[in-house]
Amino acid sequence: MTATSTRDVGGPTGGEGADQASALNDRYGAPIKRKQRRPAPWPVELYRSGLGKKYVMAITGIALMGFVFAHMVGNLKMFLGPASFNEYGEFLRELLVPILPHHVALWLMRIGLIVAFVLHIHASYALTRMNRQARTVRYQSRQDYAAATYASRTMRWSGVIVGLFLVWHLFDLSWTGTGAPFYRGDPYTNTDNSLSRIPVAVLYIVANLALGLHLFHGSWSLFQSMGWNNPRFNRWRRNFAWTFAAIIVIGNVSFPIAVLAGVVDV
Amino acid sequence: MTVTDPDPREATAARTDPGRTLDVTLKVWRQAGPDAEGHFATYEAPGISEDMSFLEMLDVVNERLADEGVEPISFDHDCREGICGTCSLMINGQAHGPERGTATCQLHMRTFSDGDTIVIEPFRATAFPIIKDLMVDRAAFDRIVEAGGYITVAAGSAPDANLIPVPKVVADAAMDAAACIACGACVAACPNSAANLFTAAKAAHLNLLPQGQSQRYQRTETMVDTMEDFFGSCTNHGECEAACPKEISIDFIATMNKDYLRAKLKNRRYLSRNG
Ligand code: HEM
Ligand code: SF4
Ligand code: FES
């Protein structure tokens, strides 16, 4: 891709003016060198653009929001006791049986989530690189922000914290356990054993606060990225974002606190 | 003639009275040329009238620097009434300074207090290279406008007035977008150096009107693709809207996003041929 694009729409580009312009370009304001690429099918073509990546970011973000919400609500069963909680785990494995064989629906969801995660992280990485290239020499004095929030300026850090936590969380409660006694198929006991360790409980709380920050900006931002902008509902977008973030944080943080307080106990 | 008429001599006296003055210290970015090493230089600016605009204050400082044999500070300016978009400057970390909805040329010294230190930096973005001191080259914006900022019209005899009906609200929205003076403050203020507000405004003032419909999607696509050759991507911080001297709304960015997706869908056969 170059500035004087071949995707000309039939207008008055080219000619003498363009020559002068490109002569100027050689000296000042030359386009950032981006990789030259072969034409590709349109979804790939869309993803190559920054705006397309933002769509992917937003759509995968919505999928992840759905997962985070369902995960939180499902875990509330912890408060109904071990039988109820473990039965919920069993329900997930038996989801859509007999339409699908055992575990298949769960695996489909897992694959969907993995794909969403990979795309979300790849898009955020690529956009971050694009942004770095767009200002190679930073401001030498302190920039005074008028609208950007702490949440919006730390998206990549809150995202990285959530991502790393997620890997740890999978080891902790799904795969192997992380030191505390771990029994496959008994998530209630595993949760209690793991979160009874104070540093682990603190880690869960911190990671969920990071997730809350991420969602506070993300679940507002996605409306703009998706082009969902209408005077009829615009004033609800901010409210939605902070309510959603608050529900997730309060729900998720309640688990380590309940374990430490002895409400959840084997 | 009644006795209540003001004495014309008094009126003149009021006009020449400098009013409240302030002493400020400037920390200004000095850079001899595009590839030269830059640095902050400190200058005292005593006795500045609070009625001066920011640029008039710089004129006064430059006058003195010239007298002292120091190279005056280069900065961009033209109309000095907020309509041309030539003035720029990051003033205390904010594009066009602390006042909302004004360009640097409309910023007045009364916004500052006696004894303030004012830090002045050029707009910074890879696509806005520094020419000298505080002057930057914003030609990348021209590339974006070239990429799609025109409409097809039937040339020939002059059309009748009001031949194409435009609803009032639509005309108003298009006018809001057309208020963009291409100053680049949106890029300067954006943590990502994104030009989405500028591009969205330039696309919207044509895309909203009936006259702009025939190339609406192609225009959006080529303008956005050109934009991305130069600038960063939008994280929806909203910093651009806060810095914009014309208070262009980020609503236009959402519209541009929607049009861009539609463009990619509508033009996909075209794209598969052309890349
Ligand atoms: C459960 C986990 C996650 C959820 C629910 C989530 C959700 C979201 C949402 C809704 C957005 C807004 C998209 C938009 O602006 O259109 C977003 C943006 C973002 N996410 Fe995530 N995300 C998650 C995990 C991550 C991870 C693991 C990372 C990084 C390693 C990450 C990095 C980012 C970044 C950098 C942005 C801002 C991108 C930009 O605007 O340029 N996220 N996220
Ligand atoms: S959108 Fe506003 S800040 Fe950006 S170039 Fe136009 S007038 Fe300047
Ligand atoms: S000098 Fe024209 S807008 Fe400021």
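By class, how many nonpolar, polar and charged residues does the shell around ligand 1 have? Colleagues, the structure before you is a predicted model, in which local features need pLDDT of at least 70 and side-chain atom pairs count only at pLDDT 80 or more, while totals for chains, interfaces and linings use all residues. Residues are numbered from 1 along each chain as written, chains are lettered from A and ligands numbered from 1 in written order, and side-chain values use heavy atoms, without hydrogens and water.

To the opening question: the shell has 13 nonpolar, ten polar and two charged residues; Asp, Glu, Lys and Arg count as charged, Ala, Val, Leu, Ile, Met, Phe, Trp, Tyr, Cys and Pro as nonpolar, and the others, Gly among them, as polar. Ligand 1 lies between chains A and B, where near means a heavy atom within 4 Å.

I turn to polar contacts, that is, pairs of N or O atoms within 3.5 Å. An N or O atom in the side chain of A:K54 is 2.3 Å from an oxygen atom of the ligand. For A:S221, a polar side-chain atom lies 2.4 Å from a ligand oxygen, and for A:H120 one lies 2.8 Å from a ligand nitrogen.

Of its 76 residues, B:F54, B:M109 and B:F231 touch the most other members. Because domain 1 (8–132) and domain 2 (138–274) of chain B both contribute residues, this core lies between them; the bounds come from an automatic or database domain assignment.

Methods. A polar contact is a pair of N or O atoms within 3.5 Å; within protein, one must be able to donate a hydrogen and the other to accept it, and residues adjacent in sequence count only if both atoms are side-chain atoms. A nonpolar core is a set of buried Ala, Val, Leu, Ile, Met, Phe, Trp, Tyr and Cys residues joined through side-chain atoms within 4.5 Å. Buried means under 20% relative accessible area, exposed over 50%, partly exposed in between (1.4 Å probe, protein chains only).
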